[in-house]
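Please have the structure open while reading.

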Amino acid sequence: MKMDGTNRTLFDPKCREPAPLAIDVIMQLDVFGIVLFSVLTFMATVSMLIFIEECIYIYKKVPPNKKTEIIWVTGAAPVIGTMSCLGMWIPKATMFCDMTSATYFAIVIFKFLILMIEEVGGDDAFLKRFEKKTLKISTGPCCCCCPCLPNASITPRNLFMLKLGSFQFALSKLVLTIFSIVLWTNGNFNTAEVAMNGGAIWINSFIGVLTIIALWPVAILFIHLKESLRILKIVPKYAMYQMVLILSQLQTAIINILAMNGTIACAPPYTSQARGYLMSQQLLIVEMFIITLVTRLLYRRQYDPLPEEDGEEEIKKTLTSKNTLENA
């Protein structure tokens with residue numbers, strides 16, 4: 001389709017039609033489209049198969065206290081990639097696929113926090129190991145610009161508050177997703193609607209605030225434990241968790257904003273917004289496939305308990321002896 005610029009994108013009637021049906025998508029595919037959709041579907045399928053194989057490994061090899069958390073965390077990329085693939089083939093289901101991915105990742109945020117605690121040995125071991133230390137709370141995404149904030153002591157109450165800070169998002173996101181679907185059935189919720197009297201802008205803004213609050217406890221705990229858990233590759237694990245967050249939330253939001261502004265041209269049967277969703281989904285499938293492969297390497301290891309001694313010197317000795325054995 002020949003485009004006449006932004007005006008055509010914004011005002012052409014064909015660019016304001018609803019998202020196409022799955023059969024319309026299939027019928028308009030040319031040779032390149034068939035190859036592209038086939039390759040992306042293959043990548044999403046392989047990601048899910050790798051995740052299933054990893055679940056089997058975790059079930060057989062990992063201690064019981066870590067099984068659930070690791071399965072949830074390693075499943076973030078495959079689940080998001082699979083939902084993106086479904087949305088790519090069935091554009092009308094995009095909203096539901098995005099809600100499923102976002103709800104799953106909300107739970108992953110809480111599970112990653114619990115996983116870090118379990119890597120130390122659980123609540124009691126964490127409190128005993130770090131009872132004389134404090135938590136730095138002047139960190140992102142909430143208080144990175146407030147270095148004057150005092151450190152918090154490590155107590156059962158403060159540990160519970162950290163857990164609650166992340167758990168509230170997992171629960172609230174599920175409730176708000178169900179509420180959004182109910183509003184959608186009544187015609188009061190539309191992801192493309194940014195009017196102040198629409199439900200989407202208020203719900204999404206509230207979810208944004210809850211997301212920031214939920215990420216804060218994870219960042220606090222990571223900063224405190226990154227040296228103790230460095231031997232367990234917690235830094236690259238945290239990096240992969242952050243990559244999934246940025247790619248699935250920030251990248252998608254930027255592309256959707258460009259699509260709603262008409263920057264991304266429509267190409268029937270895709271409207272500007274539907275085409276923006278398509279571009280985002282195709283990018284996510286490739287990105288989540290790569291993250292799935294990296295995540296498998298990071299979590300496929302022997303899960304031995306940490307040394308009981310506290311302090312950085314013990315960690316350095318362990319790392320030094322490990323490197324010596326590998327070089328021998």
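## Charges over rings

The model is predicted.

## Aromatic pairs

A pair of aromatic rings is described by the distance of the centres and the angle of the planes. The count of aromatic pairs comes to ten. One of them joins Phe105 and Tyr241, which is stacked because the ring centres are 5.9 Å apart and the planes stand at 20 degrees, under the 30 degrees cut-off for stacking. This pair links distant parts of the chain, with Phe105 in helix H6 (residues 94–120) and Tyr241 in helix H10 (residues 234–260), 136 residues apart. Phe105 is buried at 3% relative accessibility, and Tyr241 is buried at 5%.

Phe222 and Tyr238 are also stacked, with centres 3.8 Å apart and planes at 5 degrees. Phe222 belongs to helix H9 (residues 199–225) and Tyr238 to helix H10, so the pair ties together parts that are 16 residues apart in sequence. Both residues, Phe222 and Tyr238, are buried. Together with Phe112, the residues Phe105, Phe222, Tyr238 and Tyr241 make up one aromatic cluster.

## Nonpolar surface patch

On the surface, a nonpolar patch is formed by Phe160, Met161, Leu164, Phe167, Leu171 and Val175, with about 550 Å² of accessible area together. Val175 is in helix H8 (residues 156–185). With a relative accessible area of 47%, Val175 counts as partly exposed.

Definitions and conventions: Residues numbered from 1 in each chain as written. Predicted model: local features only at pLDDT ≥ 70, side-chain atom pairs only at ≥ 80, totals over all residues. Heavy atoms only, no water. Patch = residues over 30% accessible without salt bridge, like charges linked within 9 Å, V, L, I, M, F, W, Y side chains within 5 Å. Areas by Shrake-Rupley, 256 points an atom, 1.4 Å probe, with all protein chains shown as cover. Salt bridge = Lys/Arg side-chain N within 4 Å of Asp/Glu carboxyl O. Helix = DSSP H or I, 4+ residues; strand = E, 2+ residues; numbered from the N terminus. Buried < 20%, exposed > 50% of the residue type's maximum accessible area, 1.4 Å probe, protein only. Phe/Tyr/Trp six-rings, centres within 6.5 Å; stacked < 30°, edge-to-face > 60°.
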